[in-house]
Amino acid sequence: PGDNLASAVDSTTVNLSWTPIQYSADNGGYQIFQSTAPGGPFTIVKITPGKGISSAQFTDLTPDTVYYFKLRTVSPPHANNSNSVISDYSEAFSATTPPAQAPAVIVIDKSELYFGADLHGNVSGAATVGISNNGERDLNWTASSSSSWLQVSPAGGTNSGTMTVSVNPAGMTAGTYTGTITVNDPNAAEPTETVTVSLTVYSSS
């Protein structure tokens, strides 16, 4: 194969691509060899299931590392040839995985909110909570409420954003109620941050 190219997708993944050979009849494929040194030793890491294939992907690699690859074509014995036919190795080609990125870090600008309401339907206006990402990877957050009287929107976002928090005290009796807004990203350094919300419903008197 020719036009061999290796490119890093992220800190642990490299994609290979090449131009398949013109002769695609009979069985066979491409052997792919890998090393972390330009002169080897090279270890076979994959055999493609056909000669028409033009790419491969390698995952679970080490960040911040140069990976070298070589290819060669292999045709096993068949009806017209009782011997295996193996090409020369290609020239080595390489890709460097970047350093690992630090995980996302959820940052919220408020940890507590307070609302008031009375039995006549008067209620505090909505409040906002800012969300930002203090890490390197994308923050894909979701927001949820612990109580039916407590609303939050939007229900999620990427990296920075603003949540709007409001309360609906309809049907509630006088007293103090506590709920929680939870911001979550399972891939963040700390997957969960919370906002404690207090609502005091005052009696008519």
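1. A word on terms to begin with: two strands pair if DSSP finds at least two bridges between them. Strands are DSSP runs of E with at least two residues, helices are runs of H or I with at least four, and both are numbered from the N terminus. With that in hand, the bridge partner of Ser 17 in S5 is Ser 55. Strand S5 (residues 55-58) runs antiparallel to S2, and four bridges join them. On its other pairing, S2 (residues 13-19) meets strand S1 (residues 2-10) in the antiparallel sense over six bridges. A hairpin of two residues leads from S1 to S2, and Ala 8 stands opposite Val 14.

2. Please keep the ground rules in mind: this is a predicted model, in which local features need pLDDT of at least 70 and side-chain atom pairs count only at pLDDT 80 or more, while totals for chains, interfaces and linings use all residues. Residues are numbered from 1 along each chain as its sequence is written, and side-chain values use heavy atoms, with hydrogens and water left out.

3. Now the overall picture. The protein has 17 strands and zero helices. Its C-alpha trace spans about 100 × 35 × 20 Å along the principal axes. Contacts (heavy atoms within 4.5 Å) with a separation of 6 or more come to 61% from residues 24 or more positions apart.

4. How much of the protein is buried? Buried residues make up 33% of the 205, where buried means under 20% relative accessible area, exposed over 50%, and partly exposed in between (1.4 Å probe, protein chains only).

5. Strand S3 deserves a look. Seven of the seven residues of S3 (residues 29-35) are buried, so this strand is largely enclosed by the rest of the structure. S3 pairs antiparallel with strand S6 (residues 66-75) over seven bridges, with Gly 29 opposite Val 74. Four bridges also join S3 to strand S4 (residues 43-47), again antiparallel, and Ile 32 has Lys 46 as its bridge partner there.

6. Within S3, I would pick out Gln 31, which counts as buried at 11% relative accessibility. The side chains of Gln 31 and Arg 72 are joined by a polar contact of 2.5 Å. Such a contact is a pair of N or O atoms within 3.5 Å; within protein, one must be able to donate a hydrogen and the other to accept it, and residues adjacent in sequence count only if both atoms are side-chain atoms. Leaving aside residues up to four places away in sequence, Gln 31 touches several others, including Ile 44, Lys 46 and Leu 71.

7. The loop between S3 and S4 holds Pro 38, which is exposed with a relative accessible area of 54%. Pro 41 sits in that loop too, and a cis peptide bond with omega of about 5 degrees joins Gly 40 to Pro 41. A cis bond also links Ser 153 and Pro 154, with omega of about -5 degrees.

8. On backbone phi, Asp 64 has a positive value of about 55 degrees although it is not a glycine. Asp 64 lies in the loop between S5 and S6 and is exposed at 55% relative accessibility. Asn 159 also has a positive phi, near 60 degrees, and is partly exposed at 22%.

9. Finally, the packing. A nonpolar core is a set of buried Ala, Val, Leu, Ile, Met, Phe, Trp, Tyr and Cys residues joined through side-chain atoms within 4.5 Å. The largest one has 26 residues, and Phe 115 and Val 197 are among those touching the most other members. S17 gives the largest share of this core, four residues. A second, separate core of 14 residues includes Val 14, Trp 18, Tyr 30 and Ala 95.

10. Thr 200 is also in S17. Its side chain makes a polar contact of 3.5 Å with that of Thr 176, and Phe 115 is among the residues that Thr 200 touches.
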